[in-house]
Amino acid sequence: MTAAVGPGVRVGLDIGGTKVEGVALAGDGTVLARERTPTPHRPAELLTAVADLVGRLAGSAAVRGVGVGVPGIVDPGTGTLVDAVNLGLDEGPFALGPLLAQRLGGVPVVVENDVNVSALGAGALLGADDLALLSLGTGLAAGVLLDGVLRRGASGAGGEVGHVSFDPDGLLCGCGQRGCLETLAAGRALTRRWPGRPGDAPDALWTAAAAGDPAAIAVRDSWADAVATAVRVLVLTVDPRLVVLGGGVSAVGEPLRAAVADALQRAAAPSPFLRGLAVHERLALVPAGAPVAAIGAADLLAA
Ligand SMILES: [Zn+2]
(Lines give C-alpha, C1' and ligand atoms only; values in the text may rest on other atoms or scores of the structure.)
Protein backbone atom coordinates (compact mmCIF):
# COMPACT_ATOMS: atom_id res chain seq x y z
CA MET A 1 0.00 0.00 0.00
CA THR A 2 1.08 3.58 -0.41
CA ALA A 3 0.27 6.41 1.97
CA ALA A 4 -0.94 9.89 1.12
CA VAL A 5 1.60 12.33 2.53
CA GLY A 6 1.99 16.09 2.88
CA PRO A 7 4.90 18.41 1.98
CA GLY A 8 8.48 17.71 3.17
CA VAL A 9 10.99 14.89 2.70
CA ARG A 10 10.26 11.17 2.35
CA VAL A 11 12.44 8.92 4.51
CA GLY A 12 13.25 5.35 3.48
CA LEU A 13 14.73 2.80 5.88
CA ASP A 14 16.19 -0.64 5.19
CA ILE A 15 16.24 -2.37 8.57
CA GLY A 16 18.42 -5.49 8.51
CA GLY A 17 19.64 -7.89 11.17
CA THR A 18 22.89 -5.95 11.72
CA LYS A 19 22.36 -2.43 10.39
CA VAL A 20 19.75 0.13 9.41
CA GLU A 21 20.38 2.12 6.25
CA GLY A 22 18.34 5.27 5.75
CA VAL A 23 17.85 7.92 3.10
CA ALA A 24 15.87 11.15 2.88
CA LEU A 25 14.45 11.90 -0.56
CA ALA A 26 13.20 15.15 -2.05
CA GLY A 27 9.91 15.16 -3.93
CA ASP A 28 11.74 14.45 -7.22
CA GLY A 29 13.58 11.44 -5.77
CA THR A 30 16.92 13.18 -5.18
CA VAL A 31 18.81 11.63 -2.24
CA LEU A 32 19.26 14.51 0.25
CA ALA A 33 20.84 12.49 3.08
CA ARG A 34 22.08 8.94 3.69
CA GLU A 35 23.20 7.33 6.95
CA ARG A 36 23.69 3.92 8.57
CA THR A 37 23.34 2.85 12.18
CA PRO A 38 23.66 -0.55 13.92
CA THR A 39 20.42 -2.48 14.59
CA PRO A 40 19.68 -2.81 18.32
CA HIS A 41 18.12 -6.14 19.28
CA ARG A 42 15.52 -4.95 21.78
CA PRO A 43 12.22 -3.53 20.45
CA ALA A 44 12.28 -0.30 22.49
CA GLU A 45 15.92 0.42 21.60
CA LEU A 46 15.26 -0.35 17.95
CA LEU A 47 12.35 2.12 17.87
CA THR A 48 14.49 4.79 19.55
CA ALA A 49 17.43 4.23 17.18
CA VAL A 50 15.19 4.34 14.13
CA ALA A 51 13.29 7.44 15.29
CA ASP A 52 16.61 9.20 15.99
CA LEU A 53 17.88 8.22 12.53
CA VAL A 54 14.73 9.63 10.91
CA GLY A 55 15.33 12.89 12.77
CA ARG A 56 18.96 13.13 11.62
CA LEU A 57 18.08 12.28 8.00
CA ALA A 58 15.32 14.89 7.84
CA GLY A 59 17.34 17.61 9.55
CA SER A 60 15.23 20.76 9.62
CA ALA A 61 12.78 19.50 6.97
CA ALA A 62 9.34 18.16 7.78
CA VAL A 63 8.91 14.37 7.32
CA ARG A 64 6.07 13.57 4.90
CA GLY A 65 6.23 9.89 5.67
CA VAL A 66 8.53 6.97 6.42
CA GLY A 67 8.77 3.79 4.35
CA VAL A 68 10.45 0.77 5.92
CA GLY A 69 11.81 -2.44 4.41
CA VAL A 70 12.34 -5.40 6.77
CA PRO A 71 13.28 -9.06 6.25
CA GLY A 72 10.52 -11.64 6.56
CA ILE A 73 6.79 -11.70 6.09
CA VAL A 74 5.05 -8.36 6.54
CA ASP A 75 1.38 -7.43 6.64
CA PRO A 76 1.58 -4.15 4.69
CA GLY A 77 -2.02 -3.32 5.62
CA THR A 78 -1.21 -3.08 9.33
CA GLY A 79 2.54 -2.40 9.19
CA THR A 80 3.17 -5.51 11.29
CA LEU A 81 6.18 -7.77 10.89
CA VAL A 82 4.67 -11.25 11.22
CA ASP A 83 7.85 -12.68 12.78
CA ALA A 84 10.59 -10.37 14.06
CA VAL A 85 13.20 -13.12 14.48
CA ASN A 86 15.08 -11.94 11.34
CA LEU A 87 15.75 -8.63 13.11
CA GLY A 88 17.27 -10.44 16.07
CA LEU A 89 14.17 -9.68 18.15
CA ASP A 90 12.10 -12.31 19.92
CA GLU A 91 9.94 -14.54 17.76
CA GLY A 92 6.42 -13.38 17.08
CA PRO A 93 4.67 -10.38 15.56
CA PHE A 94 6.06 -6.86 15.94
CA ALA A 95 3.78 -3.89 15.18
CA LEU A 96 6.67 -1.84 13.79
CA GLY A 97 4.58 0.53 11.66
CA PRO A 98 2.10 1.70 14.33
CA LEU A 99 4.76 1.86 17.06
CA LEU A 100 7.15 3.91 14.90
CA ALA A 101 4.33 6.22 13.75
CA GLN A 102 3.47 6.83 17.41
CA ARG A 103 7.13 7.54 18.22
CA LEU A 104 7.27 10.04 15.34
CA GLY A 105 4.17 11.95 16.43
CA GLY A 106 1.77 10.53 13.87
CA VAL A 107 3.93 10.65 10.72
CA PRO A 108 2.61 8.06 8.20
CA VAL A 109 4.70 4.86 8.27
CA VAL A 110 4.46 2.10 5.66
CA VAL A 111 6.21 -1.26 6.14
CA GLU A 112 7.07 -3.78 3.40
CA ASN A 113 9.29 -6.83 2.87
CA ASP A 114 12.90 -5.90 2.12
CA VAL A 115 13.13 -7.76 -1.19
CA ASN A 116 9.96 -6.04 -2.38
CA VAL A 117 11.33 -2.59 -1.53
CA SER A 118 14.58 -3.54 -3.32
CA ALA A 119 12.50 -4.20 -6.44
CA LEU A 120 10.95 -0.73 -6.12
CA GLY A 121 14.40 0.79 -5.55
CA ALA A 122 15.87 -1.02 -8.57
CA GLY A 123 13.00 0.33 -10.65
CA ALA A 124 13.73 3.88 -9.48
CA LEU A 125 17.49 3.60 -10.03
CA LEU A 126 17.23 1.92 -13.44
CA GLY A 127 14.24 3.92 -14.67
CA ALA A 128 12.24 0.71 -15.20
CA ASP A 129 8.76 -0.32 -14.07
CA ASP A 130 8.67 -3.96 -15.21
CA LEU A 131 11.28 -6.14 -13.52
CA ALA A 132 12.08 -8.90 -11.08
CA LEU A 133 14.77 -8.19 -8.49
CA LEU A 134 16.47 -11.49 -7.60
CA SER A 135 18.14 -11.10 -4.21
CA LEU A 136 21.26 -13.28 -3.85
CA GLY A 137 21.87 -13.06 -0.12
CA THR A 138 21.52 -15.37 2.84
CA GLY A 139 18.41 -16.59 1.08
CA LEU A 140 17.13 -16.46 -2.48
CA ALA A 141 13.93 -14.57 -3.28
CA ALA A 142 12.61 -12.14 -5.83
CA GLY A 143 10.57 -8.97 -5.68
CA VAL A 144 8.29 -8.65 -8.69
CA LEU A 145 7.36 -5.22 -10.05
CA LEU A 146 4.88 -5.45 -12.94
CA ASP A 147 3.87 -2.26 -14.74
CA GLY A 148 5.00 -0.32 -11.65
CA VAL A 149 2.95 -2.38 -9.18
CA LEU A 150 4.46 -4.84 -6.69
CA ARG A 151 3.08 -8.35 -7.13
CA ARG A 152 3.03 -9.70 -3.57
CA GLY A 153 0.72 -12.59 -4.38
CA ALA A 154 -2.46 -13.86 -2.76
CA SER A 155 -0.57 -15.02 0.33
CA GLY A 156 2.54 -12.83 0.11
CA ALA A 157 4.64 -15.61 -1.43
CA GLY A 158 5.04 -13.99 -4.88
CA GLY A 159 8.67 -14.30 -6.03
CA GLU A 160 9.71 -16.98 -3.51
CA VAL A 161 11.57 -18.87 -6.23
CA GLY A 162 14.24 -19.97 -3.74
CA HIS A 163 11.92 -22.73 -2.58
CA VAL A 164 11.44 -24.38 -5.95
CA SER A 165 12.75 -27.88 -5.16
CA PHE A 166 15.37 -28.68 -7.78
CA ASP A 167 17.26 -31.74 -6.49
CA PRO A 168 15.24 -34.25 -4.41
CA ASP A 169 18.52 -35.73 -3.09
CA GLY A 170 19.97 -32.32 -2.23
CA LEU A 171 20.58 -30.48 1.01
CA LEU A 172 17.81 -29.95 3.53
CA CYS A 173 16.43 -26.42 3.15
CA GLY A 174 15.16 -24.26 6.02
CA CYS A 175 11.68 -24.60 4.52
CA GLY A 176 11.70 -28.39 5.07
CA GLN A 177 12.17 -29.51 1.46
CA ARG A 178 15.38 -30.90 -0.03
CA GLY A 179 17.46 -29.39 -2.80
CA CYS A 180 15.65 -26.06 -3.04
CA LEU A 181 17.17 -23.54 -5.44
CA GLU A 182 18.06 -21.50 -2.33
CA THR A 183 20.46 -24.26 -1.19
CA LEU A 184 22.27 -24.02 -4.55
CA ALA A 185 21.99 -20.40 -5.68
CA ALA A 186 21.84 -18.14 -2.60
CA GLY A 187 24.91 -16.19 -1.61
CA ARG A 188 25.26 -18.55 1.34
CA ALA A 189 25.45 -21.53 -1.07
CA LEU A 190 28.41 -19.88 -2.75
CA THR A 191 30.32 -19.16 0.46
CA ARG A 192 29.66 -22.69 1.71
CA ARG A 193 31.44 -24.10 -1.34
CA TRP A 194 34.18 -21.41 -1.51
CA PRO A 195 34.61 -20.03 2.00
CA GLY A 196 37.50 -17.60 1.40
CA ARG A 197 38.22 -15.15 4.19
CA PRO A 198 35.34 -13.52 6.05
CA GLY A 199 33.67 -10.99 3.77
CA ASP A 200 35.70 -11.64 0.62
CA ALA A 201 34.47 -15.10 -0.47
CA PRO A 202 32.60 -14.09 -3.65
CA ASP A 203 35.38 -11.79 -4.86
CA ALA A 204 38.01 -14.43 -4.04
CA LEU A 205 36.08 -17.04 -6.02
CA TRP A 206 35.81 -14.81 -9.10
CA THR A 207 39.49 -13.87 -8.87
CA ALA A 208 40.54 -17.53 -8.65
CA ALA A 209 38.23 -18.52 -11.52
CA ALA A 210 39.55 -15.68 -13.70
CA ALA A 211 43.09 -16.94 -12.99
CA GLY A 212 42.11 -20.37 -14.35
CA ASP A 213 41.72 -22.37 -11.11
CA PRO A 214 39.61 -25.36 -12.29
CA ALA A 215 37.97 -25.89 -8.87
CA ALA A 216 36.94 -22.22 -8.72
CA ILE A 217 35.59 -22.33 -12.28
CA ALA A 218 33.51 -25.41 -11.41
CA VAL A 219 32.02 -23.76 -8.29
CA ARG A 220 31.35 -20.49 -10.12
CA ASP A 221 29.69 -22.16 -13.09
CA SER A 222 27.52 -24.59 -11.13
CA TRP A 223 26.38 -21.72 -8.87
CA ALA A 224 25.64 -19.60 -11.96
CA ASP A 225 23.67 -22.51 -13.46
CA ALA A 226 21.45 -22.56 -10.36
CA VAL A 227 20.98 -18.76 -10.42
CA ALA A 228 20.15 -19.03 -14.12
CA THR A 229 17.44 -21.56 -13.27
CA ALA A 230 15.89 -19.08 -10.82
CA VAL A 231 16.06 -16.38 -13.51
CA ARG A 232 14.32 -18.67 -16.02
CA VAL A 233 11.57 -19.50 -13.52
CA LEU A 234 10.89 -15.77 -13.12
CA VAL A 235 10.94 -15.07 -16.86
CA LEU A 236 8.77 -18.05 -17.73
CA THR A 237 6.25 -17.08 -15.03
CA VAL A 238 5.82 -13.31 -15.39
CA ASP A 239 8.09 -12.41 -18.36
CA PRO A 240 9.54 -9.19 -16.88
CA ARG A 241 11.51 -6.83 -19.11
CA LEU A 242 14.50 -6.96 -16.72
CA VAL A 243 15.83 -9.39 -14.12
CA VAL A 244 18.00 -7.40 -11.74
CA LEU A 245 20.58 -9.29 -9.67
CA GLY A 246 20.73 -7.85 -6.15
CA GLY A 247 21.67 -8.85 -2.62
CA GLY A 248 25.13 -9.11 -1.06
CA VAL A 249 26.81 -11.30 -3.70
CA SER A 250 25.81 -8.92 -6.50
CA ALA A 251 28.56 -6.58 -5.24
CA VAL A 252 30.91 -8.74 -7.38
CA GLY A 253 29.41 -6.74 -10.23
CA GLU A 254 29.77 -7.31 -13.97
CA PRO A 255 31.76 -10.58 -13.75
CA LEU A 256 28.87 -12.09 -11.77
CA ARG A 257 26.28 -10.84 -14.26
CA ALA A 258 28.41 -12.25 -17.09
CA ALA A 259 28.68 -15.68 -15.39
CA VAL A 260 24.88 -15.90 -15.05
CA ALA A 261 24.38 -14.65 -18.63
CA ASP A 262 26.77 -17.37 -19.86
CA ALA A 263 24.85 -19.99 -17.87
CA LEU A 264 21.57 -18.81 -19.43
CA GLN A 265 23.08 -19.09 -22.90
CA ARG A 266 24.46 -22.59 -22.20
CA ALA A 267 21.00 -23.73 -21.13
CA ALA A 268 19.29 -22.05 -24.09
CA ALA A 269 21.67 -23.45 -26.73
CA PRO A 270 19.60 -26.56 -27.58
CA SER A 271 16.23 -24.75 -27.35
CA PRO A 272 14.96 -22.43 -30.09
CA PHE A 273 12.16 -21.50 -27.66
CA LEU A 274 14.57 -20.31 -24.94
CA ARG A 275 16.92 -18.67 -27.44
CA GLY A 276 13.98 -16.67 -28.74
CA LEU A 277 13.33 -15.26 -25.26
CA ALA A 278 16.93 -13.92 -25.03
CA VAL A 279 16.76 -14.15 -21.25
CA HIS A 280 20.48 -13.35 -20.90
CA GLU A 281 19.90 -9.93 -22.45
CA ARG A 282 17.47 -9.01 -19.65
CA LEU A 283 20.00 -9.37 -16.82
CA ALA A 284 20.94 -6.15 -15.03
CA LEU A 285 22.68 -5.01 -11.86
CA VAL A 286 21.80 -2.17 -9.51
CA PRO A 287 24.48 0.56 -9.37
CA ALA A 288 27.29 -0.57 -7.04
CA GLY A 289 26.90 0.70 -3.48
CA ALA A 290 23.51 2.31 -4.08
CA PRO A 291 21.08 2.17 -1.10
CA VAL A 292 18.55 0.37 -3.28
CA ALA A 293 16.29 -0.99 -0.53
CA ALA A 294 16.17 2.31 1.40
CA ILE A 295 15.32 4.24 -1.79
CA GLY A 296 12.61 1.69 -2.58
CA ALA A 297 11.26 2.01 0.95
CA ALA A 298 10.94 5.79 0.50
CA ASP A 299 9.11 5.09 -2.76
CA LEU A 300 6.40 3.24 -0.81
CA LEU A 301 5.14 6.74 -0.11
CA ALA A 302 3.45 8.48 -3.02
CA ALA A 303 5.75 11.22 -4.29
ZN1 LIG B 1 13.30 -24.30 0.57
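Val 252 counts as buried because its relative accessibility is 14%, where buried means under 20% relative accessible area, exposed over 50% and partly exposed in between, with a 1.4 Å probe and protein chains only. The residue lies in the loop between S11 and H8. These labels are DSSP runs numbered from the N terminus, helices being H or I of at least four residues and strands being E of at least two. Val 252 touches Pro 202, Asp 203 and Trp 206, leaving aside residues up to four places away in sequence; contact means heavy atoms within 4.5 Å. From C-alpha to C-alpha, Val 252 and Asp 200 are 9.8 Å apart in space, although 52 residues apart in sequence.

The model is predicted: local features need pLDDT of at least 70, side-chain atom pairs count only at pLDDT 80 or more, and totals for chains, interfaces and linings use all residues. Residues are numbered from 1 along each chain as its sequence is written, and side-chain values use heavy atoms, with hydrogens and water left out.

The next topic is helix packing. The axes of helix H6 (residues 201–210) and helix H7 (residues 214–238) come within 8 Å and cross at roughly 120 degrees. That angle makes H6 oblique to H7. Angles under 35 degrees count as roughly parallel, over 145 as roughly antiparallel, 65 to 115 as roughly perpendicular and the rest as oblique. Axes are lines fitted to C-alpha atoms, for helices over the stretch in contact, and angles run from 0 to 180 degrees between N-to-C directions. On the H6 side, Leu 205, Trp 206, Ala 208 and Ala 209 meet Ala 216, Ile 217, Val 219, Arg 220 and Trp 223 of H7. The residues of this contact divide into eight nonpolar, no polar and one charged. In this division Ala, Val, Leu, Ile, Met, Phe, Trp, Tyr, Cys and Pro count as nonpolar, Asp, Glu, Lys and Arg as charged, and the others, Gly among them, as polar.

H7 also packs against H8, at an angle of about 70 degrees and with the axes 8 Å apart. H7 is therefore roughly perpendicular to H8. Among the contributors to the contact are Arg 220, Trp 223, Val 227 and Val 231 of H7, together with Leu 256, Val 260 and Arg 266 of H8. By class, the contact of H7 with H8 has 11 nonpolar, no polar and five charged residues.

The largest nonpolar core has 39 residues, and those with the most contacts inside it are Leu 134, Leu 136, Val 227, Val 231, Leu 245 and Val 260. A nonpolar core is a set of buried Ala, Val, Leu, Ile, Met, Phe, Trp, Tyr and Cys residues joined through side-chain atoms within 4.5 Å. Elements giving two or more residues to this core include strand S8 (131–136), strand S9 (140–146), strand S11 (242–246) and helix H8 (254–268). H7 gives the most, with 11 residues. Beyond four places in sequence, Leu 134 touches residues including Leu 140, Val 161, Val 227, Leu 234 and Leu 245. Apart from this core lies another, of 30 residues, among them Ala 51, Ala 84, Leu 96 and Val 107.
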